[in-house]
Amino acid sequence: KKGSRIGTSSLRRASQLHALDRGLVIETLRGNVDTRLRKLDEGQYDAIVLAAAGLRRLGWQDRIRELIPVEIMCPSVGQGALAIQTRAHDGKAGGAAWELARKLDHTPARIAVEAERALLATLGGGCQVPVGAHATLDGKMIDLRAIVASPDGSRVIGGDLTGTDPAQVGAQLGRTLLDRGAREILDKVYAQ
């Protein structure tokens with residue numbers, strides 16, 4: 001409701017909450033997950049926004065009160081994806097650790113993250129900018145949704161693109177967002 005104090009540590013989430021224009025008071029939330037939940041329990045916030053994947057991984061799925069749809073809160077690039085890195089064997093792939101890790105590859109997740117990362121690379125963004133991306137796969141078709149938002153939520157540039165090549169889909173949508181005004185938003189964020 002209007003005037004509710006919402007805690008988040010993410011500029012991307014804060015921007016999208018501001019963009020809802022519901023009169024929410026968005027406040028910075030710091031600390032590990034235990035600390036953040038304690039602050040909520042103590043009444044310092046009316047609600048906090050955390051990644052559901054992180055709460056589930058810690059066994060606290062019962063603390064999740066609402067899952068915010070991607071149409072309202074576009075996640076960060078690679079949200080929820082895990083990566084494994086191994087040492088090269090004799091300077092190239094093929095060692096025992098690499099072979100074990102390769103068996104864990106989830107092709108749809110890897111392709112989705114490749115598209116999201118191509119978008120972020122095109123935008124020139126990092127983890128502390130208000131950029132969201134969410135790619136899904138339907139067969140061989142990649143659907144990529146992305147946003148770039150001003151920190152105060154007054155301006156949100158968004159778009160969707162479908163294609164089969166993750167690097168191409170991400171780069172093309174990134175260029176489209178830049179042409180629509182994302183460049184100005186990102187330049188202001190970096191200047192701050």
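**Architecture and packing of the predicted chain**

Of the contacts in the protein chain with a separation of 6 or more, 51% join residues 24 or more positions apart, contact being defined as heavy atoms within 4.5 Å. The model is a predicted one, in which local features need pLDDT of at least 70 and side-chain atom pairs count only at pLDDT 80 or more, whereas totals for chains, interfaces and linings use all residues. Residues are numbered from 1 along each chain as its sequence is written, and side-chain values use heavy atoms, with hydrogens and water left out.

The secondary structure of the protein chain comprises six helices and six strands, where helices (H or I, at least four residues) and strands (E, at least two) are DSSP runs numbered from the N terminus. Read along the sequence, these elements follow the pattern β-α-β-α-β-α-α-α-β-β-β-α, and the C-alpha trace spans about 55 × 40 × 35 Å along its principal axes. Buried residues make up 35% of the 192 residues, with buried meaning under 20% relative accessible area, exposed over 50%, and partly exposed in between (1.4 Å probe, protein chains only).

Helix H5 (residues 107-123) has 17 residues and reaches 24 Å from its first C-alpha to its last, close to the 24 Å expected at 1.5 Å a residue, the expected span being 1.5 Å times one less than the number of residues. Among the residues of H5 that are buried are Ile 111, Ala 112, Ala 115 and Glu 116, and the buried residues of this helix pack against strand E4 (131-138), strand E5 (141-149) and helix H6 (166-191). H5 is followed by Gly 124, whose phi is positive, near 75 degrees.

Ser 15, found in helix H1 (residues 11-19), is buried, with a relative accessible area of 0%; leaving out residues up to four places away in sequence, Ser 15 touches Pro 130, Ala 149, Ser 150, Pro 151 and Gly 153. Asp 21, by contrast, lies in the loop between H1 and strand E2 (25-28) and counts as exposed because its relative accessibility is 69%. Most residues other than glycine have a negative phi; Asp 21, although not a glycine, has a positive phi of about 55 degrees. Ala 101 belongs to helix H4 (residues 96-102) and counts as buried at 18% relative accessibility. Apart from neighbours within four places in sequence, Ala 101 is in contact with Ile 84 and Thr 86, while Pro 75, 26 residues from Ala 101 in sequence, is 26 Å from Ala 101 in space, C-alpha to C-alpha.
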